[in-house]
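I opened my notebook to look a few things up in this structure and wrote down what I found, one entry at a time. Come and read along.

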Amino acid sequence: MTSSMDVFTGLPDRHRIRGQNQWSAHGRHRHVANNRPLAAGVSPTASVPMWGEPQMDKTGALDQLQEAMRTMDVAQFTSLHVLDRLPHVFASREQYTAWRTVLGRGLGVDPLCIVVVGSGAVGFSLSPREEKRFRAFHGESDIDVAIISPTHFEEAWRNIRAMRGETARELRGHWRHHRSSLVFDGTIATDTVLAHLSFGPQWASALGRVARVHPTMDRDVKARIYRDFDSLRDYQRRGVEKLRGELLDDQNQGPTGINEVNEND
């Protein structure tokens, strides 16, 4: 008997999860999969090491990350620890490649132009904001994705410039932020304006789809568009540079502790 094919992965139905309990990336929340599909090439048992396991001690990992930030050139740190790496949330390069392929197909961009950044990549937040600074990736963390696409950047900026009436009033703050800062930096914060972009429905569907597969299941997947890779690199580098300055200022005040978060807040 020939098995039916899964429309999402192109794999036979036997590769789908059937009602088995699955843990999120760090084991804090249990999910019942209810026939949710895996991305092609992703094993149902694949997982990243959980915090607290011997090979992934949070304190030791943070100490190593901070030491690298103190001692490495900012550009080198940005490349090695943020951009050119296997993101923390993924168990293998193969899993990451399969996930990007699914997302790229949905967005209409080359998978190589998709880069997971933020705490889902590093394992800790590199935001200089005090409430997020070095916060460990946790069960409620979003997945931040950088999309490098000059075509979508230009289209989004045209859409934003053309906003009128109630939409313009509703998004006035976002419009001004893009005009005064973000567009100059070569980025579009689609998480704030996606519903008003011409390709918004397509992208919302694609982002929602990867939020239903392991290892990003049940997480908010948010995207920002970058005009080119240089814009992405510079944006990330400036964030690292600012955080590194704060870290060096604090080095005589003792080690910086992990910023934990109460997931029930």
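This is a predicted model: local features need pLDDT of at least 70, side-chain atom pairs count only at pLDDT 80 or more; totals for chains, interfaces and linings use all residues.

**Entry 1: aromatic rings**

Is Phe90 buried or exposed? Its relative accessible area is 3%, and the cut-off for buried is under 20%, so I wrote down Phe90 as buried. Then I looked up Trp99, which comes out at 0% relative accessibility and therefore also counts as buried.

Next I searched the whole structure for aromatic pairs and got four. Phe90 and Trp99 make one of these pairs, with ring centres 5.3 Å apart. Their planes stand at 65 degrees, and planes over 60 degrees apart count as edge-to-face, so I noted this pair as edge-to-face. My friendly reminder to myself: a pair of aromatic rings is described by the distance of the centres and the angle of the planes.

I also looked at Tyr226 and Tyr235, whose rings form an edge-to-face pair. Here I read 5.9 Å from centre to centre and 65 degrees between the planes. Tyr235 has 26%, so it counts as partly exposed.

Strand 3 and strand 4 run antiparallel and are joined by four bridges. Val116 has Val145 in strand 4 as its bridge partner.

Strand 4 (residues 143–148) also pairs with strand 6 (residues 221–226), this time in the parallel sense and over six bridges.

Strand 5 (residues 187–188) runs antiparallel to strand 6, and two bridges join them. Ile188 has its bridge partner in strand 6, namely Ile225.

**Entry 2: helix 10 and its neighbours**

Which helices did I check against helix 10? I took helix 2 and helix 1 in turn. Before reading the values I jotted down that two packed helices are described by the angle between their axes and the distance between the axes.

Helix 2 (residues 74–83) packs against helix 10 (residues 229–250) at an angle of about 110 degrees, and the axes are 9 Å apart. Angles of 65 to 115 degrees count as roughly perpendicular, so helix 2 is roughly perpendicular to helix 10. Among the residues that meet in this contact are Phe77 and Val82 from helix 2, and Leu232, Gln236 and Arg244 from helix 10. By class, I listed seven nonpolar, three polar and four charged residues for the contact of helix 2 with helix 10.

Helix 1 (residues 58–71) packs against helix 10 at about 100 degrees, with the axes 9 Å apart. That angle makes helix 1 roughly perpendicular to helix 10. Gln66, Met69 and Arg70 of helix 1 meet Val240, Leu243, Arg244, Leu247 and Leu248 of helix 10. I sorted the residues of this contact into five nonpolar, one polar and two charged.

I kept the backbone for the end. As background, most residues other than glycine have a negative phi, and most peptide bonds are trans.

Where is there a cis peptide bond? I found one joining His214 and Pro215, with omega at about 5 degrees. Pro215 lies in the loop between helix 9 (200–210) and strand 6.

Asp218 is found in the loop between helix 9 and strand 6. Asp218 is not a glycine, yet its phi is positive, at about 65 degrees. Its relative accessible area is 41%, so I put Asp218 down as partly exposed.

Phe134 has a positive phi too, about 60 degrees, and is not a glycine. I placed Phe134 in the loop between helix 4 (119–122) and strand 4. Is Phe134 buried or exposed? At 0% relative accessibility, Phe134 counts as buried.

Conventions
Residues are numbered from 1 along each chain as its sequence is written. Side-chain values use heavy atoms; hydrogens and water are left out. Two strands pair if DSSP finds at least two bridges between them. Axes are lines fitted to C-alpha atoms, for helices over the stretch in contact, and angles run from 0 to 180 degrees between N-to-C directions. Angles under 35 degrees count as roughly parallel, over 145 as roughly antiparallel, 65 to 115 as roughly perpendicular and the rest as oblique. Contact means heavy atoms within 4.5 Å. Ala, Val, Leu, Ile, Met, Phe, Trp, Tyr, Cys and Pro count as nonpolar, Asp, Glu, Lys and Arg as charged, and the others, Gly among them, as polar. Rings of Phe, Tyr and Trp (its six-membered ring) pair if their centres lie within 6.5 Å; planes under 30 degrees apart count as stacked, over 60 as edge-to-face and the rest as tilted. Buried means under 20% relative accessible area, exposed over 50%, partly exposed in between (1.4 Å probe, protein chains only).
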